[in-house]
Amino acid sequence: KKKKKKNSNNMPQKVTPYKDSNLGKKEQVTKMFDTISKNYDGLNRVISFGIDIKWRKKVVEILKKEQPNSILDIATGTGDLAIALVKTGAKKIVGLDISPGMLAVGKEKVTDKKLDSTIEMVVGDSEKLTFEDNSFDAVTVSFGVRNFETLNTGMAEILRVLKPNGTLVVLETSVPTKTPYKQGYGFYTKNILPLIGKLFSKDDSAYGYLSESASVFPHGENFNNILREIGFIDVTNKPQTFGVASIYVAKKANL
């Protein structure tokens, strides 16, 4: 058996969608997103009161200043961020996801918007990227990092495929630390969120998992430190909307 690291602050607890399943986290997450893919976009708008659109716009603003030519959007899901990233002026955007169900919805959206020449949607594992070293000017992950089976492996892979001086932007849920937002958020995620999930989706484990995985994710300075340990530099995080989400920005050193 592998010894567990004592540094529990930086090592997130492993939370999986289906408690009684023998499948690994990666397989469970794929199955879960395939199941909920058709309802995912509508449900996301409801859960976040539509604020997730505003957060994505901020990610686009951050990257627009960097003028990337190529962007890899990991855990692209149904492609919302990949589509929004067209506004950065990037010539090539690759949306990668482990769930074929989510990608199928995303591909339809890309085709509807006539963006096939800019955005390529591919099935892939974020912890075993098939791209060469130093391939992309920027990498983005929105609401996907907490689904990585091994967080450090996924982040090290991102560092590998980023070009020197490239930028990583992560948008991820976090837990508010200030009263009364902290209490309100706790009540909402424990009681309201799974209820909305049940109404929208035949997979009620999914939305229980999404809120639970958010609550154990090492947000804020803990996640900053993981990025630094892996080798990212200039790491910052910007809390959004009372602290219910954070945008993390980090760079790969100019080798």
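Helices (H or I, at least four residues) and strands (E, at least two) are taken as DSSP runs and numbered from the N terminus. Just after helix H5, Lys 114 takes a positive phi of about 55 degrees. The structure is a predicted model, in which local features need pLDDT of at least 70 and side-chain atom pairs count only at pLDDT 80 or more, while totals for chains, interfaces and linings use all residues. Residues are numbered from 1 along each chain as its sequence is written, and side-chain values use heavy atoms, with hydrogens and water left out.

The chain as a whole comes first. The chain contains 9 helices and 7 strands. Of its 255 residues, 52% are buried, where buried means under 20% relative accessible area, exposed over 50%, and partly exposed in between (1.4 Å probe, protein chains only). The accessible surface of the chain comes to about 12700 Å², and carbon and sulfur atoms hold 54% of that surface; these areas come from the Shrake-Rupley method with a 1.4 Å probe, and for residues only the protein chains shown count as cover. Among contacts (heavy atoms within 4.5 Å) with a separation of 6 or more, 73% join residues 24 or more positions apart.

The sheet is the next element to follow. Its 7 strands form an open sheet with mixed pairing, in the order S3-S2-S1-S4-S5-S7-S6; two strands count as paired if DSSP finds at least two bridges between them. Strand S3 (119–123) and strand S6 (233–240) stand at the edges with a single partner strand each, so one side of each is left without a neighbour in the sheet. From one strand to the next, the twist averages 15 degrees. Angles run from 0 to 180 degrees between N-to-C directions, with axes as lines fitted to C-alpha atoms, for helices over the stretch in contact.

Two helices that pack on this sheet can be described together. Helix H3 (residues 51–64) touches strand S1 (70–74), strand S4 (136–142), strand S5 (162–173), S6 and S7, and its direction makes about 165 degrees with that of S5. Helix H9 (residues 221–230) also packs on the sheet, touching S5, S6 and S7, and its direction makes about 160 degrees with that of S6. Within H9, the residues Phe 223, Asn 224, Ile 226, Leu 227 and Ile 230 are buried. They cover an arc of only 160 degrees around the axis, which puts them on the same side of H9; the arc is that of the directions from the helix axis to the C-beta atoms. Helix H6 (151–161), S5, S6 and S7 are included in what covers these buried residues. After H9 comes Gly 231, with a positive phi near 125 degrees.

Strand S7 (residues 245–251) runs antiparallel to S6, to which 6 bridges join it. A further 7 bridges join S7 to S5, and this pairing is antiparallel as well. Individual pairs illustrate both partners: Gln 240 has Ala 245 of S7 as its bridge partner, Pro 239 stands opposite Ser 246, and Val 169 is partnered by Val 249. In the hairpin of S6 and S7, 4 residues lie between the strands, and Thr 241 takes a positive phi near 45 degrees. S7 is largely enclosed by the rest of the structure, because 7 of its 7 residues are buried. In a regular strand the side chains alternate between the two faces of the sheet. Accordingly, Ala 245, Ile 247, Val 249 and Lys 251 point one way from S7, and Ser 246, Tyr 248 and Ala 250 the other way.

Strand S1 contains Asp 73, which counts as buried at 1% relative accessibility. Leaving aside neighbours within four places in sequence, Asp 73 is in contact with residues including Leu 81, Leu 85, Val 94, Leu 96, Thr 140 and Val 141. The C-alpha atoms of Asp 73 and Ser 142 are separated by 8.1 Å, although the two residues are 69 apart along the chain.

H5 has 13 residues and reaches 18 Å from its first C-alpha to its last, close to the 18 Å expected at 1.5 Å a residue; the expected span is 1.5 Å times one less than the number of residues. Its buried residues include Met 102, Leu 103, Val 105 and Gly 106. For Gly 106, the relative accessible area is 0%. Beyond its neighbours within four places in sequence, Gly 106 is in contact with Thr 78, Gly 79 and Met 121.
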